[in-house]
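Please look at the structure before turning to the questions.

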Amino acid sequence: MTARRLLAGATLACLSAFPLALAGCAGSGEDLAGTPMRGQVSSDPFDRATDQPPTPTTLFRLARILAAQGREAEARFVLTDITQKFPTFGPAWCDLAELHLRAGRTDEAAEVLEEGIRRNPADARLTGNLGMCYMVKGDHQRALGWFSKAASLGADDARHRGNMAAALGMLGRYDESLAEYQKVVSPAAAHYNVSVLARARKDADRVREELAAARSIDPKIGVRQPPR
């Protein structure tokens with residue numbers, strides 16, 4: 001993978017708030033701002049919270065803010081930091097891979113997800129996302145394997161089965177694709193989805209067959225409504 005880290009610790013420094021040390025009255029136990037002097041323990045929950053190390057959730061929120069601001073290099077730094085310090089925090093692996101995928105670095109995204117799965121073998125989302133990386137790469141057979149595994153993990157089963165159906169269709173296994181789609185969408189939608197996959201494969205005969213089947217159930221499916 002290409003080098004991605006920023007050689008600056010300032011990115012995370014904003015998460016730690018340190019009260020200013022002001023000169024206070026001798027023997028009062030507090031400075032002029034009401035902050036305990038050195039050696040004293042604050043009774044204020046907010047003051048105590050600022051002394052705690054950042055949680056993976058806090059860092060993850062920071063990374064998302066940075067990404068939303070277009071500061072993707074900094075977001076990658078924060079997400080990488082989370083994956084190293086909190087390797088079982090699955091969302092960080094997902095977002096780190098997504099940043100790579102959006103930038104067209106599909107191989108790097110797959111590597112991130114593979115490492116995330118190694119640390120979190122029962123994470124269905126990581127597993128399904130790795131399948132999506134292989135779909136983007138055009139390796140539909142490997143994508144199918146990862147989607148099938150994600151579905152077997154039980155979380156978000158409909159989404160993963162829909163992805164399985166898509167991979168099967170792109171492999172030309174239309175009947176199996178249809179069977180999987182029918183588990184998660186209406187019969188008309190299942191046929192229509194297979195027609196879309198057949199069109200992607202330039203299989204005109206199957207496109208006509210599936211569209212006919214879909215519209216025999218729902219004549220309006222796939223027909224754009226005229227603008228009002």
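A crossing is left-handed if the near helix is turned anticlockwise from the far one by less than a right angle, and right-handed if clockwise; helices are DSSP runs of H or I with at least four residues, numbered from the N terminus. The model is predicted, with local features needing pLDDT of at least 70, side-chain atom pairs counting only at pLDDT 80 or more, and totals for chains, interfaces and linings using all residues. Residues are numbered from 1 along each chain as its sequence is written, and side-chain values use heavy atoms, with hydrogens and water left out.

Q: Why is α8 called roughly antiparallel to α9?
A: Helix α8 (residues 140-152) and helix α9 (residues 157-170) pack at about 160 degrees, their axes 8 Å apart, where axes are lines fitted to C-alpha atoms over the stretch in contact and angles run from 0 to 180 degrees between N-to-C directions. Angles under 35 degrees count as roughly parallel, over 145 as roughly antiparallel, 65 to 115 as roughly perpendicular and the rest as oblique, so α8 is roughly antiparallel to α9.

Q: In which hand does α8 pass α9?
A: The crossing of α8 past α9 is left-handed.

Q: What makes Phe60 count as buried?
A: Buried means under 20% relative accessible area, exposed over 50% and partly exposed in between (1.4 Å probe, protein chains only); Phe60 has 11% relative accessibility and therefore counts as buried. Phe89, at 18%, counts as buried too.

Conventions:
Helix = DSSP H or I, 4+ residues; strand = E, 2+ residues; numbered from the N terminus.
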